[in-house]
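Morning, everyone. I'll take you through one structure, sheets and rings included. Please have it up on your screens.

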Amino acid sequence: MFKILFPSSLMDSNEVDLALKNEYNAAIRAGFDVLLFDQEQWYMYQVLKMNITNIGEEPIKVLFRGFRMQPSAYREFSVQLKYLGYHLLIEPNEYEYMYAFQKIYSTLREDCVPIIRFPMDTLIDVEFIKHKLGKFMIKDNTICVKECGFPAFFDQSTTQEEFDSWITRLSKYHKDMSTGELYAEKYYDDIQNVCRVFYYKNMPLCMTNDSVQPPVELIHKYEVLNNPFFTIDFAQFENGTWKIIDCKDAQISLVSNEPEKLYYSLSNGAVTNK
């Protein structure tokens, strides 16, 4: 069975990052061997240092669990891991395929909320977006727009000057992690529930919301994508319909509640899919 690779704490390279402490413990309880890499050395200097060295002849397969990095950085991460005797379960091309939701959107379009893509460094006519989507929100491939005080949505009262100012601020804040592209997504006031489904090797693995689940046929419709471990977020609306609102590599889809469910499911899946 593969091992789970976590980033260390920035304060102590022998301790897991506090944000992943519950996942780290859940992985151990589920029977996984866990490894740490020095988070500061990697994210600041692109130097990979591990807490345990593989002294065997065969490379050890590892599943990364942690924070988003650019596809080019992930590729270098893979190279340095191989040098240390480890092999990522998710290949760099598979990670890149899932890095930006807007780039996989065409595959999921039939069941997705509507979006409009545009380059980050291009002035966009906000009236055009309002005409097409009504109330909308702006997203990119990162998940930290809230951290810079970005508005939850824009509506008919938004002026071009206000919109341009926010886009300029966002582009500066996300420059290091962005693909250089943003997308506007229709904003809904009537979302009742959100369910994240983890997929492993072309099969649904587990869900974050057991009380309300998407239709079975919708869950299975997209189980075969060019990545062995990914997540799809499904939203349920007041009228009972379901739409896809996100899809990404599951290595960076962190679990805030009940991480045991994921790791026990992953452990069983790893055993049955050897």
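In strand E11, Trp242 is the bridge partner of Gln236. Before we go further, a caution: this is a predicted model.

Now widen the view to the two strands. E10 covers residues 229–237, and seven bridges join it to E11. The two run antiparallel. Further along, Thr231 stands opposite Lys248 in E11. The hairpin of E10 and E11 has four residues between the strands. Gly240 takes a positive phi there, near 95 degrees.

Next, the sheet around that hairpin. Four strands form an open sheet, and the order is E9-E8-E10-E11. The pairing is antiparallel. Which strands stand at the edges? They are E9, residues 204–207, and E11, residues 242–249. Each has a single partner strand, so one side of each is left without a neighbour in the sheet. Direction ignored, neighbouring strands of this sheet are turned by 25 degrees against each other on average.

Look at E6 and strand E7, residues 181–186: four bridges join them, and they run antiparallel. Within this part, Phe136 stands opposite Lys186 in E7.

Now the rings. How many aromatic pairs does a search of the whole structure find? The count is 23. Take Trp42 and Phe77. Their centres are 5.1 Å apart, with 55 degrees between the planes, and the pair is tilted. This pair links distant parts of the chain. Trp42 sits in helix H2 and Phe77 in helix H3, residues 71–83, and they are 35 residues apart. Trp42 is buried, at 0% relative accessibility. Phe77 is buried as well, at 0%.

Phe77 has another ring partner, Phe64. Here the centres are 5.5 Å apart and the planes stand at 65 degrees, so the pair is edge-to-face. The cut-off for that class is over 60 degrees. Phe64 lies in strand E3, 13 residues from Phe77 in helix H3. Phe64 is buried too, with a relative accessible area of 0%.

Step back from the single pairs. Ring pairs link Phe37, Trp42, Phe64, Tyr74, Phe77, Tyr95 and Tyr99 into a cluster.

Last stop, the surface. Met44, Tyr45 and Val47 form a nonpolar patch there. Together they have about 320 Å² of accessible area. Where does Val47 sit? Its place is in the loop between helix H2, residues 39–45, and strand E3, residues 60–64. Val47 is partly exposed, at 34% relative accessible area.

Terms used. Residues numbered from 1 in each chain as written. Predicted model: local features only at pLDDT ≥ 70, side-chain atom pairs only at ≥ 80, totals over all residues. Heavy atoms only, no water. Pairing = 2+ DSSP bridges. Axes fitted to C-alpha atoms, helices over the stretch in contact; angles between N-to-C directions. Patch = residues over 30% accessible without salt bridge, like charges linked within 9 Å, V, L, I, M, F, W, Y side chains within 5 Å. Areas by Shrake-Rupley, 256 points an atom, 1.4 Å probe, with all protein chains shown as cover. Salt bridge = Lys/Arg side-chain N within 4 Å of Asp/Glu carboxyl O. Buried < 20%, exposed > 50% of the residue type's maximum accessible area, 1.4 Å probe, protein only. Phe/Tyr/Trp six-rings, centres within 6.5 Å; stacked < 30°, edge-to-face > 60°.
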